[in-house]
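The sequence and the structure are shown first, and the description follows.

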Amino acid sequence: MSNLQGRVALVTGATQGLGEGIALRLASCGAQVAINGRSEQKGARVLAALRARGARAEFLRADVSERAQARQLVHRTVEIFGRIDILINNAQTVPPLLESLEDGVDEHIGTAMASGLYASLWTSQAAAPRMREQGGGRIVNFASINGVFGSKYGAAYNATKESIRALTRTLANEWGPWGITVNVVLPAGLSPSYEAFYKDDPNKADAVAKLNPMRRHGRAEEDIGAAVVGLVSDEARFITGQSLYVDGGLHLLGLPQLHSIGVRSRS
Amino acid sequence: MNGLLANQDALLLGADAVGAGIAARLAREGARIMVIDDDRERAEQVAGSLPDAAAMAVGCDLSDPQATWRTVDDLAAGLPALALLVLNVLGTPYVAPLESQEDIAFGKSLSRVRAAAQAMRAAVPKLEASGGGRIVFLGHRYGRTVNEGLAAYNTAAWALIGLTRSAAAEWGRLKISTNLIVPFAQTAELEAYRARRPRLIDTLMEQIPLRRAGDVEEDIGGAVVFLAGAGGAFINGEIVCADGGQHIAGPVLNPGKFR
């Protein structure tokens, strides 16, 4: 595994799912890890797992959809660990599926953008000057195959995720001269929100796994976590502005429109 | 041997400057490398520069699909731990307007793509047997965008993406992931362009987010290690730009046009 000894990483939305897997992998590779979330209880569970691997780790409670809290989160990370080398902007509220003519789409866009686009911007803005002083840094954002293909009933989520790709490229162009790389991962890995999507129909999960060229779902730690660790390691130091699917090749064959919102969608 | 690719066997087709950098980086990560090039002496120089007999050299006409199939098939048979195939096969561009690019120009460029396909076919049983094989292409930025005066080269470079994605779609079930790296590398060729047109090259560099061309060993070789290592297990069919961000940063200049 890559060597991240001496590096300090902050992972937002790290109390479950992909964020948890990424934090665990970073810790296993020697990084010191600040994990963030809104729930102390969930945070304590992941923190215990990180420390069990011998990592220096802290849980920092913050709602990154609030500007002041997002900025403060980065500052506290630097206070506690003395630096910040790696910022993983994984947090994202996933609004319920909604037909785009319905009332409520505006609110969903507001929620999704605050926890996704704005949170990624705010933490990055807080971290970049420090990374510049240190001679560089790594920022990894998260987008989605659902945004790329425009999965139905997901306007708020999809639009947010595609906006994060544009933000990524812009920051990469602006901050590259400071030695900061900014990349965006489009993962397909098992997480609570992914599993919830399959809850109504277990066959759907199998169908999607079979569609995948690798004939399986991604694993939070071994697949998505390992790819993110690769991106923030020395090996990937010349990669910036990249959209990187970590999905086994699912995107190559297109994405079936599997989202449904009950009876209405079958009419 | 320690390293991210310890005790793996790798086949590397193409021993130009980028290939040499990749070989050096793979060796540092503990891989054993078979270097194959059209020019046997060039392959030997690359292999000979690596420590501890980490590499061996083989000559093969990489524009001959049948010869390439035979060579890779023979070599793969003797490599118990073949887990990585690196295809750095694009040839030298033929510079001329499209209306002057005769069939022979396209034939020469595309024969190397055909040879790469045969190398993949020959290597796939061993890559499958490794339980997590990787294929990494070295493509070109003109095979992601295009440039003027390079029709046959553009076409061949784009064809590599088709080959990458076909292998990704079909061989993922064999636990093989296939990806393509678009490098932007500091080479003698780029230095020669800089000597001739310093302001043009400086303008190009100023647009690149990381403000430099990549080191063939640390940056381009590093990207190959990223995809060949643990992080590449679920990355499949991707175009990964090891280019300092050149792909997002503006016009693709073609220094060769301004000879």
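In what order do the strands of the open sheet of chain B stand, and is the pairing parallel or antiparallel? The description below answers this from a predicted model.

## The sheet of chain B

The order is 3-2-1-4-5-6-7: seven strands of chain B form an open sheet, and their pairing is parallel. At the edges stand strand 3 (55–59) and strand 7 (239–242) of chain B; each has a single partner strand, so one side of each is left without a neighbour in the sheet. From one strand to the next, the twist averages 20°.

Within this sheet, strand 4 (residues 82–87) and strand 5 (residues 134–138) of chain B are joined in the parallel sense by four bridges. One residue of strand 5 of chain B, B:Arg134, is the bridge partner of B:Leu84. Helix 5 (residues 151–171) of chain B packs on the sheet, where it touches strand 5, strand 6 (177–183) and strand 7 of chain B. The direction of helix 5 makes about 155° with that of strand 6 of chain B.

## The sheet of chain A

Chain A has an open sheet of seven strands in the order 3-2-1-4-5-6-7, with parallel pairing. Its edges are formed by strand 3 (57–61) and strand 7 (243–246) of chain A, and one side of each lacks a neighbour in the sheet because each has a single partner strand. The average twist from one strand to the next is 20°.

Strand 1 and strand 2 of chain A pair in the parallel sense over four bridges, and A:Val11 stands opposite A:Ile35 in strand 2 of chain A. Strand 2 of chain A is mostly covered, with six of its six residues buried. On one side the buried residues are A:Gln32, A:Ala34 and A:Asn36, and on the other they are A:Val33, A:Ile35 and A:Gly37. Strand 4 (residues 86–89) and strand 5 (residues 137–142) of chain A also pair in the parallel sense, over four bridges; here A:Asn89 has A:Asn141 of strand 5 of chain A as its bridge partner.

## Helices on the sheet of chain A

Helix 2 (residues 40–52) of chain A lies across strand 2 (32–37) and strand 3 of chain A, and runs at about 170° to strand 3. Helix 3 (residues 67–81) of chain A packs on the sheet and touches strand 1 (8–11), strand 2 and strand 3 of chain A, its direction making about 150° with that of strand 2.

Helix 1 (residues 17–28) of chain A packs against helix 2 of chain A at an angle of about 20°, and their axes are 9 Å apart. Helix 1 of chain A is therefore roughly parallel to helix 2 of chain A. The crossing of these two helices of chain A is right-handed. Helix 1 of chain A contributes A:Glu20, A:Ala23, A:Leu24 and A:Ala27 to the contact, while helix 2 of chain A contributes A:Val46, A:Ala49 and A:Leu50. By class, the residues of this contact are six nonpolar, no polar and one charged.

## The contact between the chains

Chain A and chain B each give 33 residues to their contact. On the side of chain A that touches chain B, the elements giving two or more residues are helix 6 (155–175), helix 9 (220–232) and strand 7 of chain A. Helix 9 of chain A gives the most, with five residues. This side of chain A comprises 16 nonpolar, ten polar and seven charged residues.

Conventions: Residues are numbered from 1 along each chain as its sequence is written. Chains are lettered from A and ligands numbered from 1 in the order in which they are written. This is a predicted model: local features need pLDDT of at least 70, side-chain atom pairs count only at pLDDT 80 or more; totals for chains, interfaces and linings use all residues. Two strands pair if DSSP finds at least two bridges between them. Axes are lines fitted to C-alpha atoms, for helices over the stretch in contact, and angles run from 0 to 180 degrees between N-to-C directions. Two residues are in contact if their C-beta atoms, placed from the backbone, lie within 7 Å. Ala, Val, Leu, Ile, Met, Phe, Trp, Tyr, Cys and Pro count as nonpolar, Asp, Glu, Lys and Arg as charged, and the others, Gly among them, as polar. Angles under 35 degrees count as roughly parallel, over 145 as roughly antiparallel, 65 to 115 as roughly perpendicular and the rest as oblique. A crossing is left-handed if the near helix is turned anticlockwise from the far one by less than a right angle, and right-handed if clockwise. A residue is buried if 20 or more other C-beta atoms lie within 10 Å of its own, exposed if 12 or fewer, and partly exposed in between; C-beta atoms are placed from the backbone.
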